[in-house]
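Hello,

As promised, here is the structure we talked about, followed by my notes on it.

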Amino acid sequence: MAIPTSDDAKMVIVVRADLKLSKGKTAAQAAHAAVNCAFASKKKDPRTFDKWFAEGQKKVVLKVQDLKQLYEIKAMADASGLVNSLITDAGRTEIEPGTVTCLGIGPSTDSMLDKITGDLSML
């Protein structure tokens, strides 16, 4: 197993804790974010995507308190030029249609993502 360095690539999924989603719903929402980010990265930044893919597609799932904090994280990701995807639920199961559930960011380097999400707790 490789020892992580600040040059390793990862993707971060940031989930709203205030929604109190079931484990299955949380997993589905995180998967939506990961797939969206992967496709966007492959198109926008194929070099980083290829590095991330070759390293095993590392993903970290973190939490924020609420929608306001999620939008703050998104604004920082946008300002840094990072690929990101805000996930809005269709509302067919647990929550109302149009509810923003999570944000995917990356893939990018550990150091770039940690500047934005390094203070967040694991989900």
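**Notes on the model**

The side chains of serine 22 and glutamate 94 make a polar contact with each other, at 2.5 Å. Please bear in mind while reading that this is a predicted model.

Serine 22 itself sits in the loop between S1 and helix H1, the helix that covers 23-44. Is serine 22 buried, exposed or partly exposed? With a relative accessible area of 32%, serine 22 is partly exposed, because that class lies between the 20% and 50% cut-offs. I also looked at serine 22 together with alanine 54: the two are 32 residues apart in sequence, and their C-alpha atoms are 31 Å apart in space.

The loop between S1 and H1 also holds lysine 20. Lysine 20 counts as exposed, since its relative accessibility is 70%.

At 26% relative accessible area, glutamine 57 is partly exposed.

One more backbone item for your list is the peptide bond between glycine 106 and proline 107: it is cis, with omega about 10°. Proline 107 belongs to strand S4, which takes in residues 100-109.

Next comes arginine 16, which is placed in strand S1 (residues 9-16). Which residues does arginine 16 touch once its neighbours within four places in sequence are set aside? The contacts are Val64, Asp66, Leu67, Leu70, Thr99, Val100 and Thr101.

Now for the protein as a whole. Its secondary structure comes to four helices and five strands, and from the N terminus on the order of elements is β-α-α-β-α-β-β-α-β. The radius of gyration is 14 Å, close to the 14 Å given by the globule rule for 123 residues, so the protein is as compact as a globular protein of that length. Along the principal axes, the C-alpha atoms fill a box of roughly 40 × 30 × 25 Å.

How much of the protein counts as buried? The share is 41% of the 123 residues. Among contacts with a separation of 6 or more, 75% are accounted for by residues 24 or more positions apart.

Two surface and charge values may be handy if you set up calculations. The accessible surface comes to about 7,000 Å², and 56% of that belongs to carbon and sulfur atoms. As for charges, there are 17 positive and 15 negative side chains, with the centres of the two sets 3 Å apart.

That is my list so far; do write back with any questions.

Best wishes

Definitions and conventions: Residues are numbered from 1 along each chain as its sequence is written. This is a predicted model: local features need pLDDT of at least 70, side-chain atom pairs count only at pLDDT 80 or more; totals for chains, interfaces and linings use all residues. Side-chain values use heavy atoms; hydrogens and water are left out. Helices (H or I, at least four residues) and strands (E, at least two) are DSSP runs, numbered from the N terminus. Contact means heavy atoms within 4.5 Å. The radius of gyration is taken over C-alpha atoms; the globule rule is 2.2 Å times the number of residues to the power 0.38. Buried means under 20% relative accessible area, exposed over 50%, partly exposed in between (1.4 Å probe, protein chains only). Accessible areas come from the Shrake-Rupley method with a 1.4 Å probe; for residues, only the protein chains shown count as cover. Lys and Arg count as positive and Asp and Glu as negative; His and the chain ends are not counted. The place of a charge is taken as NZ of Lys, CZ of Arg, CG of Asp or CD of Glu. A polar contact is a pair of N or O atoms within 3.5 Å; within protein, one must be able to donate a hydrogen and the other to accept it, and residues adjacent in sequence count only if both atoms are side-chain atoms.
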